[in-house]
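Reader: I've got a fold open on my screen and I'd like to learn how to read it. Can you walk me through it?

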Amino acid sequence: MFRFIKEGKVQRYEFLAIEEAPEGTVLRIRRFSPGLTPWEPDHDQTHTLPLISFKPGEAVFQRADKATKITFRSTSNSTLEVTVERAGKKADVFAYAHNAE
């Protein structure tokens, strides 16, 4: 799960699931506004990105039209870096750390 916060208020939630599908491993993403109202106008829209590359510590998913690529990279035993690349835009990099507390 990811939540986007602006000025202290949640703007949207994103739920992500990595699953096995008939076509192989995929990343599925659904977006919601606060109150879990669907973010996209098409309320049943789930974004599906097939796995295009895997190696220890890194998984790369990309939309079939190549408009979006998401890379999950383990940068240590307790950190994860997620890079989101969209056609024509600067890449966004998110760093996450596991805290045992």
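Author: Let's begin with exposure: a residue is buried under 20% relative accessible area, exposed over 50%, and partly exposed in between, using a 1.4 Å probe and protein chains only. By that rule Glu7, at 75% relative accessibility, counts as exposed. Before going on: this is a predicted model, where local features need pLDDT of at least 70, side-chain atom pairs count only at pLDDT 80 or more, and totals for chains, interfaces and linings use all residues. Residues are numbered from 1 along each chain as its sequence is written, and side-chain values use heavy atoms, with hydrogens and water left out.

Reader: What pLDDT does the protein chain average?

Author: pLDDT is the predictor's confidence in each residue, from 0 to 100. The protein chain averages 90, and 96% of the residues score at least 70. Element by element, strand S4 (residues 37-38) has the lowest mean, 76, while S6 has the highest, 98. Strands here are DSSP runs of E with at least two residues, numbered from the N terminus.

Reader: Back to Glu7. Where is its place, and what is its phi?

Author: Glu7 sits in the loop between strand S1 (2-6) and S2. Its phi is positive, about 55 degrees, although Glu7 is not a glycine. Lys66 is another case: its phi is near 65 degrees, and Lys66 lies in the loop between S6 and S7. With 59% relative accessibility, Lys66 counts as exposed.

Reader: How do I read aromatic pairs?

Author: A pair of aromatic rings is described by the distance of the centres and the angle of the planes. Rings of Phe, Tyr and Trp (its six-membered ring) pair if their centres lie within 6.5 Å; planes under 30 degrees apart are stacked, over 60 edge-to-face, and the rest tilted. The structure holds three such pairs. In one of them, the ring centres of Phe15 and Phe32 are 5.5 Å apart with planes at 70 degrees, so the pair is edge-to-face. Phe15 belongs to strand S2 (residues 9-21) and Phe32 to strand S3 (residues 24-33), so the pair ties together parts 17 residues apart in sequence. Phe15 is partly exposed at 34%, whereas Phe32, at 15%, counts as buried.

Reader: What are the distance and angle for Phe61 and Phe72?

Author: Their centres are 6.0 Å apart and their planes at 85 degrees, so that pair is edge-to-face too.

Reader: Which residues are joined into one network?

Author: Lys55, Glu58, Arg73 and Glu81, through salt bridges that share partners. Within that group, Arg73 and Glu58 meet at 2.8 Å, N to O. Arg73 lies in strand S7 and Glu58 in strand S6, so this bridge ties together parts 15 residues apart in sequence. Arg73 is partly exposed at 29%, whereas Glu58, at 14%, counts as buried.

Terms used. Helices (H or I, at least four residues) and strands (E, at least two) are DSSP runs, numbered from the N terminus. A salt bridge is a side-chain nitrogen of Lys or Arg within 4 Å of a carboxyl oxygen of Asp or Glu.
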